[in-house]
Amino acid sequence: MESKAVIPDRAEFKSSCETPHCNEKKRRTSRTGSREHLRGTGPPLLSNFIKLARRPWTPAKTGEMESPLCVSIFLVLCIFIQSSARGQSLQHEPFGKRSQAVETVETLQETETRFLLFEEETDRGCQIRLNHPDTLQQCGFNSSLPLVMIIHGWSVDGLLEDWIWQMVAALKSQLAQPVNVGLADWITLAHHHYAIAVRNTRLVGREVAALLRWLEETVRFSRRNVHLIGYSLGAHVSGFAGSYMGGKHKIGRITGLDAAGPLFEGTSPSDRLSPDDANFVDAIHTFTQEHMGLSVGIKQPIAHYDFYPNGGSFQPGCHFLELYKHITKHGLYAITQTIKCAHERSVHLFIDSLLHAGLQSTAYLCSDMDSFRRGMCLSCRHGRCNTLGYHTRQQPLSKKSKRLFLMTRAQAPFKVYHYQFKIQFINQTEKPVEPTFVMSLLGTKEEVQKIPTPLSGGITSNKTYSILITLDVDIGELVMIKFKWENSAVWANVWNTVQNIILWSREPLYSGLVVKSISVKAGETQQRMTFCPENIDDLQLHPTQEKIFVRCEVNSKRLNRKIK
């Protein structure tokens with residue numbers, strides 16, 4: 001029996017290029033002379049940081065620096081320092097119009113980018129060479145199947161990252177319909193100072209387009225069957241490739257995974273990934289937190305559908321407080337893994353959509369994250385929601401980008417279940433009350449207990465609060481809610497004192513806090529429900545007390561009479 005090849009580790013892969021094709025690439029002189037100004041010596045600052053990551057780590061004192069702030073400022077400083085060391089500017093540079101380079105595609109004979117094709121999920125990769133049709137047959141390219149091509153981003157250490165092999169394995173093993181899986185390996189052009197790598201993205205995009213056009217001409221492969229998946233700088237490489245294709249028709253799809261922000265934020269659509277680059281463009285934004293005028297991932301919409309998990313600025317599980325967990329998984333590389341955690345989360349969300357077909361994450365169209373946190377956007381009418389990842393629905397598109405939001409878990413599987421809770425209070429005391437509540441939810445499948453229920457501002461008479469609650473598990477259809485006023489003993493003593501005063505006064509007995517009803521909308525099922533107090537003869541809610549709410553009619557006449 002023939003054994004499968006084992007995926008090499010990153011260091012082995014870097015040194016394993018000993019084929020005649022690779023040796024021939026080393027001997028090239030005609031193209032390298034014109035590119036000498038693009039080359040650098042590699043990013044020394046981050047290389048030194050990797051060495052630093054191997055030293056013993058001492059945690060900072062609590063409160064010294066907020067984790068997301070520390071991570072993003074460090075990465076932004078790295079980009080600034082490296083670029084200035086090479087005399088580069090982080091101002092927007094005039095890259096020139098894309099159309100000027102289209103004619104170059106037709107005359108391109110060889111590429112600096114290595115194009116690898118994977119026949120098996122554990123395959124090392126077989127190199128396809130432009131204008132060498134024999135390599136298509138040798139590498140097992142099937143022109144009747146779609147092509148999914150992965151394009152990596154900026155490289156710190158000159159090695160291909162582990163997530164690439166994870167995505168290759170997922171694409172080869174988890175899809176009902178087989179696909180050709182390829183990799184655009186531009187590591188020799190990505191392992192430079194950031195500003196130089198940015199400049200090289202246009203060149204790599206041109207080479208990707210050259211390969212796709214050659215496939216069209218050689219094996220009649222339709223560009224509509226092409227799906228480019230680009231991470232960080234690779235997202236913009238994908239955009240350039242799409243625009244360099246030329247002709248009347250576009251490639252099928254481009255997915256941008258936290259497309260790089262510096263030197264691309266605020267630029268024109270022709271100088272970055274945009275909806276014009278493919279028939280369908282989707283983007284996942286996971287690290288858009290801005291400091292010093294820059295963010296690691298681009299914040300502005302760049303696709304037909306732009307997904308912002310957890311608001312897009314930062315991701316759960318990526319704080320420096322999680323470093324100990326990363327040490328157990330990544331060892332000496334834990335610090336670097338923590339730093340790039342939020343940026344790379346876009347990749348793992350996409351891989352998660354392949355590995356967990358039955359746990360697809362749903363995102364919802366919304367104007368901003370504040371509205372989403374209040375549960376105001378959980379609608380799927382008229383295409384207002386979509387699935388994040390590989391299985392995104394490619395619905396009829398408009399020219400305007402759609403911004404979709406969702407919450408996720410801190411680790412795979414990332415899916416959560418979204419609920420909007422609208423809680424109607426009646427405060428029969430004279431002053432606003434600021435209590436703390438928790439809820440327990442009983443469903444037909446599971447029960448989840450003690451869910452924090454944050455409410456902003458004091459509770460005043462006849463006010464309805466809307467909040468977003470997310471659950472890690474599928475509880476099925478919600479049938480009961482336990483609502484508890486959970487405050488300290490001090491609060492309870494104060495409240496009891498107030499109640500005793502009320503009892504001796506001439507005020508009515510019904511002076512207190514009443515939850516009239518709780519309306520619930522389940523985002524994933526779009527089901528709407530209303531819950532009322534189980535015991536309508538005892539409506540007052542006091543500190544440390546719990547009330548049970550059950551399904552009821554929207555307008556209960558008996559309940560309304562009791563409250564009045």
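**Figure 1. Val296 counts as buried, at 11% relative accessibility.** Buried means under 20% relative accessible area, exposed over 50%, and partly exposed in between (1.4 Å probe, protein chains only). Val296 sits in the loop between β7 and β8 (305–309). Helices (H or I, at least four residues) and strands (E, at least two) are DSSP runs, numbered from the N terminus. The C-alpha atoms of Val296 and Ser313 are separated by 9.8 Å. Along the chain, Val296 and Ser313 are 17 residues apart.

This is a predicted model: local features need pLDDT of at least 70, side-chain atom pairs count only at pLDDT 80 or more, and totals for chains, interfaces and linings use all residues. Residues are numbered from 1 along each chain as its sequence is written, and side-chain values use heavy atoms, with hydrogens and water left out.

**Figure 2. The whole chain has 17 helices and 20 strands.** Of its 564 residues, 53% count as buried. Contact means heavy atoms within 4.5 Å. Among contacts between residues at least 6 apart in sequence, 77% join residues at least 24 apart.

**Figure 3. The largest nonpolar core holds 52 residues.** A nonpolar core is a set of buried Ala, Val, Leu, Ile, Met, Phe, Trp, Tyr and Cys residues joined through side-chain atoms within 4.5 Å. Met149, Val208, Leu228 and Leu233 touch the most other members. At least two residues each come from β1 (114–118), β3 (147–151), α9 (187–190), α10 (194–219), β5 (226–231), α11 (233–244), β6 (251–257) and β7 (278–284). Helix α10 gives the most, with 13 residues. In soluble globular proteins, nonpolar side chains tend to be buried together.

**Figure 4. Leu233 is among the core residues that touch the most other members.** Which residues does Leu233 contact, leaving aside its neighbours within four places in sequence? They are Gly153, Trp154, Trp186, Tyr194, Ala197, Val198, Thr201, Ala260 and Phe264.

**Figure 5. Helices α10 and α11 cross at roughly 45°.** Their axes come within 7 Å. That makes α10 oblique to α11. Axes are lines fitted to C-alpha atoms, for helices over the stretch in contact, and angles run from 0 to 180 degrees between N-to-C directions. Angles under 35 degrees count as roughly parallel, over 145 as roughly antiparallel, 65 to 115 as roughly perpendicular, and the rest as oblique. α10 passes α11 in a right-handed crossing. A crossing is right-handed if the near helix is turned clockwise from the far one by less than a right angle, and left-handed if anticlockwise. From α10, the contact uses Tyr194, Ala197, Val198, Thr201, Arg202, Val204, Gly205, Arg206, Val208, Ala209 and Arg213. From α11, it uses Leu233, Val237, Phe240, Ala241 and Tyr244. The contact residues divide into eleven nonpolar, two polar and three charged. Here Ala, Val, Leu, Ile, Met, Phe, Trp, Tyr, Cys and Pro count as nonpolar, Asp, Glu, Lys and Arg as charged, and the others, Gly among them, as polar.

**Figure 6. Helices α8 (residues 162–173) and α14 (residues 341–355) pack at an angle of about 20°.** Their axes are 9 Å apart. That makes α8 roughly parallel to α14. α8 passes α14 in a left-handed crossing. The α8 side of the contact is made by Trp163, Gln166, Met167, Ala170 and Leu171. The α14 side is made by Glu344, Val347, His348, Phe350, Ile351, Leu354 and Leu355. These residues divide into nine nonpolar, two polar and one charged.

**Figure 7. Ser232 has a positive phi of about 60°, although it is not a glycine.** Ser232 is found in the loop between β5 and α11. Is Ser232 buried or exposed? Ser232 is buried, with a relative accessible area of 9%.

**Figure 8. Lys450, a residue other than glycine, has a positive phi near 50°.** Lys450 is found in strand β14 (residues 447–453). Lys450 is exposed, with a relative accessible area of 58%.

**Figure 9. A cis peptide bond joins Ala412 and Pro413.** Omega is about -10°. Pro413 is found in the loop between β11 (402–406) and β12 (417–427).

**Figure 10. Asn180 lies in strand β4 (residues 180–185).** Asn180 is buried, with a relative accessible area of 4%. Leaving aside neighbours within four places in sequence, Asn180 contacts Leu117, Gly140, Phe141, Asn142, Leu145, Pro146, Leu147 and Val148.
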